[in-house]
Amino acid sequence: MMTANEYIQSLRALGSRRVYAFGKKVDNIVDHPLIRPSINSVAMTYKLAEMPEYADLMTATSNLSGKKINRFSHLHQSQEDLVNKIKMQRLLGAMTGTCFQRCVGMDALNAMWSATYECDQKHGTTYHERFKKFLAIWQEKDWTVDGAMTDPKGDRAAGPGGQVDPDVFVHIVERNDKGIVVRGAKIHQTGVLNSHEILVMPTQAMRPEEKDFAVAFSVPANDPSLLFIYGRQASDSRKLEESKIDTGNITYGGQEAVVVFENTFIPWDRVYMCGEVDFSGMLVERFAGYHRQSYGGCKVGNGDVLIGAAQSIAEYNGAAKASHVKDKIIEMIHLNETLYCCGIACSSQGHKTASGNYLIDMMLANVCKQNVTRFPYEIARLAQDIAGGLLVTMPSASDFANEEAGAWCRKLFTAAPGVPVENRQKMFRLIENMTIGAAAVGYLTESMHGAGSPQAQRIVIARNANMEAKKKMARRLCGIEADGLL
Ligand code: SF4
Ligand code: FE
C-alpha cells in the first residue's frame, strides 16, 4: 500500500496534463492552492490505512491476491465488509469535514465486477477477465480511481442519439482490431484530477439503437487526449487568500471537474462493455446503489463535524445552556444517526452476487439516499439557527488582522469569557463552509444530486415496493379474496 506521502508523489509522477482552472492552464496541480485541499482529503484515505488503530476499517484482505490492501480497492466479500465500508466512510467524513473522493472508484469496481460477470454469462464476452486483470494491478498499485458516470446529456427531451451535438454523451466513434476510439465528456467528476486512472461507465440505460453509447473502459488519468476543466465552488477563491481562516476548513476540500475525451484510444484489454445495451442500465443501477449506500457513511461523518461545530459555536456565543439550543442539537444528532441507520441497514442486508462479491439491499440503499436528500439540509438549517447572523456578516480575517479595524473587531466579537475571538471566527467560518461555502457542495447539493437526483431513488423505491403483496395483506384482513383488481 502507498503511504500518504507516496500518494502525493505519485500524483506528481503523472506529469503535466491539460488542466484548466479559472481560465488558466495549471501545470502543477499538487501545489495549486485551489486544488491541494482536495488532494489532502484523498491523502487521508492513505494516511489512516497506515495507522494500526484503523486497520480493521481501512484495510482488507484481497480475494484476488490474498494480500492486505486498502479497503477502497476491495471487492466486498461479506455483509461485514459492506458495514465496515460505511464505518470507514463515516470516519473519513469526520476527519476531513468534506468529500474525500475515493469512494467513486470503490463503488465502480464493485458494480463493474458483477455486471461484467453477468454480461459474459449472457453474451459470451470476456469483459470480466479483462476487468479482473485491471483490478489486480489497481489493488497492487493502491490506485485512486475515478468512477466516471455522468454525461452532460444535452437536451433531456432527446436521447443520446438525438442530440444536435453528439459529444454531450460519451460514445464510440471508431472500432478497429486494436481497440476503440471514444469522444465526449463526463461532468461532476469527483476527485478526477486526484486519480491515477479513470473508469468510465455509461450514464443511463440505453436502447437497442444506442449501442455506441453503451461503453465502459478504463484509461490512465494522464492520457494526452484528456482535457480537464476544474469546477467552481462557492467561496473557493478564499483558498487563494493568504490567511486560510476564512476558508473555514483550513486543510481539506472536495473536488469536481469536467473531463473531456477528445478521440481517446482505448485498447481492447481496457474495454469492459461495448454495445451490450441490456447491461447498461444494470451497471448504472448497481453503481448508483453502492454510492447511495456510501452517503449513509460519508455524509454522517460530515454531520458529526457540523454538530460539533454547532455545539462549539453555541458555547463560544455563551448560549449552550439554553434549552432550545440543547434541543436543536439533539434533533441534529437524531437526524444524523438516522442516516447512519440507513447506511448500516442496507449494508447488513446485502447479498452475494453471482460473481461472488456482495451487493447492498437496493430498496434500503435508495431509502438511505432519499433521506440524505433531506436531512443534511435540516441539520444545516439548525446549525445556522444556532450560530446566528454573524455567520454571514462577520468581517474578513484581513480586517481582524488590520491594526485599526482589527482592534474594534476583536473587541466587538469577543463573547464567552476566556474564548479567544479567533476561535469564534474560525467556527463561524467552518459552519459557513459546510452550509453555504465550498464544502456545501459535498454536504448539501451533492446530498441532493450525487448518486442520482431524488426522483431516481423514488423510481427504484416504487419498483421494489412489492405493492401486490401489500394490497393482498390489506385485503386479507378485510376478508376480501378477489375483487377483480388483484
Ligand atoms: Fe465518497 Fe461521499 Fe465523496 Fe461520494 S460524496 S466520493 S461517498 S466522500
Ligand atoms: Fe458523490
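The iron ion (ligand 2) is coordinated by His291 through NE2, Tyr295 through OH and Glu446 through OE, at 2.2 to 2.7 Å, where donors are N, O and S atoms within 2.8 Å of the metal (3.2 Å for Na, K and Ca) and sites may look incomplete because water is not among the atoms. This is a predicted model, in which local features need pLDDT of at least 70 and side-chain atom pairs count only at pLDDT 80 or more, while totals for chains, interfaces and linings use all residues. Residues are numbered from 1 along each chain as its sequence is written, chains are lettered from A and ligands numbered from 1 in the order in which they are written, and side-chain values use heavy atoms, with hydrogens and water left out.

**Iron site**
- Along the chain, the donors of the iron ion (ligand 2) follow the spacing H-x3-Y-x150-E.
- Histidine 291 and tyrosine 295 are separated by about one helical turn, because they are four residues apart in helix 7; helices (H or I, at least four residues) and strands (E, at least two) are DSSP runs, numbered from the N terminus.
- Histidine 291 is buried, with a relative accessible area of 8%, and tyrosine 295 is buried as well, at 1%; buried means under 20% relative accessible area, exposed over 50% and partly exposed in between (1.4 Å probe, protein chains only).

**Helix 7**
- Helix 7 covers residues 280-317, and its 38 residues reach 53 Å from the first C-alpha to the last, close to the 56 Å expected at 1.5 Å a residue, the expected span being 1.5 Å times one less than the number of residues.
- Helix 7 is mostly covered, with 31 of its 38 residues buried, and it is followed by glycine 318, whose phi is positive, near 85 degrees.

**Pockets**
- The largest pocket holds about 1,100 Å³ of space; on a 1 Å grid over the protein atoms alone, a pocket is an open set of points with protein on both sides within 12 Å along at least five of seven lines, a cavity is a set where a 1.4 Å probe fits but cannot get out, and lining residues have an atom within 4 Å of a point.
- For these volumes, grid points are joined across faces, edges and corners, and the volume is the space filled by probe spheres set on the points.
- Of the 41 residues that line the largest pocket, Thr150, His449, Gly450, Ala451 and Gly452 lie nearest its centre, and the elements giving two or more residues to this lining are strand 7 (179-190), strand 11 (256-267), helix 7, helix 15 (440-449) and helix 16 (454-463).
- Helix 7 contributes the largest share of the lining of the largest pocket, eight residues.
- By class, the lining of the largest pocket has 16 nonpolar, 16 polar and nine charged residues, with Ala, Val, Leu, Ile, Met, Phe, Trp, Tyr, Cys and Pro counted as nonpolar, Asp, Glu, Lys and Arg as charged, and the others, Gly among them, as polar.
- The second largest pocket holds about 180 Å³, and of its 13 lining residues the closest to its centre are Gly248, Asn249, Ile250, Lys426 and Leu430.
- Helix 14 gives the most to the lining of the second largest pocket, with four residues.

**Cavities**
- The count comes to six cavities of 30 Å³ or more, and the largest cavity has a volume of about 100 Å³.
- Helix 7 supplies the largest share of the lining of the largest cavity, six residues.
- The second largest cavity holds about 70 Å³, and its lining includes Ser235, Lys239, Asn249 and Tyr252.

**Backbone angles**
- Histidine 188, in strand 7, has a positive phi of about 55 degrees although it is not a glycine, and at 53% relative accessibility it counts as exposed.
- Serine 235, in the loop between strand 10 (226-230) and strand 11, has a positive phi near 60 degrees and counts as partly exposed at 28% relative accessibility.
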